[in-house]
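Thanks for coming, everyone. Let's take a quick walk through one structure. Have a look at it first.

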Amino acid sequence: MNAYNISRLSYKIATQQIARNYAFKSDLKIKWVRPEKIPSIDPRKSGDCAKLPPVDPKELIKEFRKSKELETADQMVRSLFELGNNPRHFTSAHYRDAFVKEVQRHRLDYGSMEAKLARMTATIRRFQEHMAQFPRDKGIKVQLKELIEKRKKFLKYLRRWDYRRFEWILEKLDLIYKPPPAKFHWITRKESLKKLTDIHCEKLRKEKLDEYRKTLEEQQIPFLEDAIKKLEFVRQEQLDLDIPVTVTLENIDDYKKRLSELKELREETTKLKNEVGQL
């Protein structure tokens, strides 16, 4: 064999040894679907459980609600001061004022932590409604992200220094606080498939064990009956041959008692299954 054939053979052996055999296609029927990516402005991620309540479009703007002139004014003039006929920011101000009144400590409280959180929550939910209608509005999207992060900081501060008030404000504003994870972890396909494979193997092992347990339970009564016959036969042989008796009557009675209890349990189980099937 010349040097060329030797080198060719050695190359073939080397390539066979380093052949890639770890990326094989599994025969298990396991399918991994990448989880849905939820944007940070989505209510499911921001923690806003409730939507804004509907507002009456014929309600007057805040500054003109106590106007005596509008009470006697013409309907056409009055409609000029209604929320439905004015820009959206008047409706947003109406929501902010309503949210603040639910949590303020006194009538003039507009600067406490609760009032700030209520005002931010009303604005966030208005922006979320706007983004649902106009998803490509980048300006509002950036403002919404910044406001959600700012509210998270405020909630984090309140949670640290006044937990009872923090719980109360979450209940009043219908919020869910989601603290940042202690350690960030990427969701990868490889790791997810490993977990799914472990779950599949554990399920398969449980099914096999349940099937084996069922088989053993079916063999319990014939085994005990056969054991009683053999024990009685052994005892009778020992008595006939006049040798020390190793099988006592207590042993035989113990097996008979276990057999009767097992039969009663099986009958009760069968009866219960029949009753459930009739229902």
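Let's start at D242. At 70% relative accessibility, this residue counts as exposed, because the cut-off for exposed is over 50%. Keep in mind that we are looking at a predicted model. Where does D242 sit? In the loop that links α10, residues 220–240, to α11, residues 249–278. The phi angle of D242 is near 55°, so we have a positive value in a residue other than glycine.

D174 belongs to the loop between α8, residues 163–173, and α9, residues 189–218. Is D174 buried or partly exposed? It counts as partly exposed, because its relative accessibility is 35%.

Let's step back to the whole chain. How many helices and strands are there? There are 11 helices and 0 strands. Read from the N terminus, the elements go α-α-α-α-α-α-α-α-α-α-α. The chain has 279 residues, and 24% of them count as buried. Now take the contacts with a separation of 6 or more. Residues 24 or more positions apart account for 62% of those.

On to helix packing. Start with α6, residues 113–133, and α7, residues 138–161. These two helices pack at an angle of about 150°, and their axes are 10 Å apart. Why call them roughly antiparallel? Because angles over 145 degrees count as roughly antiparallel, α6 and α7 get that description. The crossing of α6 past α7 is left-handed.

Which residues make this contact? On the α6 side, they include M113, L117, M120, I124, F127 and M131. K116, T121, T123, Q128 and H130 are on that side as well. From α7, we have I140, L144, L147, I148, F154, L155, Y157 and L158 among them. K141, Q143, K150 and R151 also take part from α7. By class, the residues of this contact divide into 14 nonpolar, 5 polar and 4 charged.

Next pair: α5, residues 88–103, and α8. Their axes come within 10 Å and cross at roughly 140°. That makes α5 oblique to α8. Here the crossing is right-handed. F99, E102 and V103 come from α5, and they meet W168, I169, K172 and L173 in α8. What is the make-up by class? This contact has 5 nonpolar, no polar and 2 charged residues.

F81 lies between α4, residues 75–79, and α5. Leaving out residues up to four places away in sequence, F81 touches E59, L60, I61, F64, L70 and N86. Pick out F64 from that list. F81 and F64 are 17 residues apart along the chain, and their C-alpha atoms are separated by 7.4 Å.

An unreviewed UniProt entry annotates residues 245–275 as a "coiled-coil region". What does the model show for that span? The span is 87% helix and 0% strand. Its end C-alpha atoms lie 48 Å apart.

That's the tour. Over to you for questions.

Note on methods: Residues are numbered from 1 along each chain as its sequence is written. This is a predicted model: local features need pLDDT of at least 70, side-chain atom pairs count only at pLDDT 80 or more; totals for chains, interfaces and linings use all residues. Side-chain values use heavy atoms; hydrogens and water are left out. UniProt positions are given in the numbering used here, feature names are shortened, and annotations may be inferred rather than shown by experiment. Helices (H or I, at least four residues) and strands (E, at least two) are DSSP runs, numbered from the N terminus. Axes are lines fitted to C-alpha atoms, for helices over the stretch in contact, and angles run from 0 to 180 degrees between N-to-C directions. Angles under 35 degrees count as roughly parallel, over 145 as roughly antiparallel, 65 to 115 as roughly perpendicular and the rest as oblique. A crossing is left-handed if the near helix is turned anticlockwise from the far one by less than a right angle, and right-handed if clockwise. Contact means heavy atoms within 4.5 Å. Ala, Val, Leu, Ile, Met, Phe, Trp, Tyr, Cys and Pro count as nonpolar, Asp, Glu, Lys and Arg as charged, and the others, Gly among them, as polar. Buried means under 20% relative accessible area, exposed over 50%, partly exposed in between (1.4 Å probe, protein chains only).
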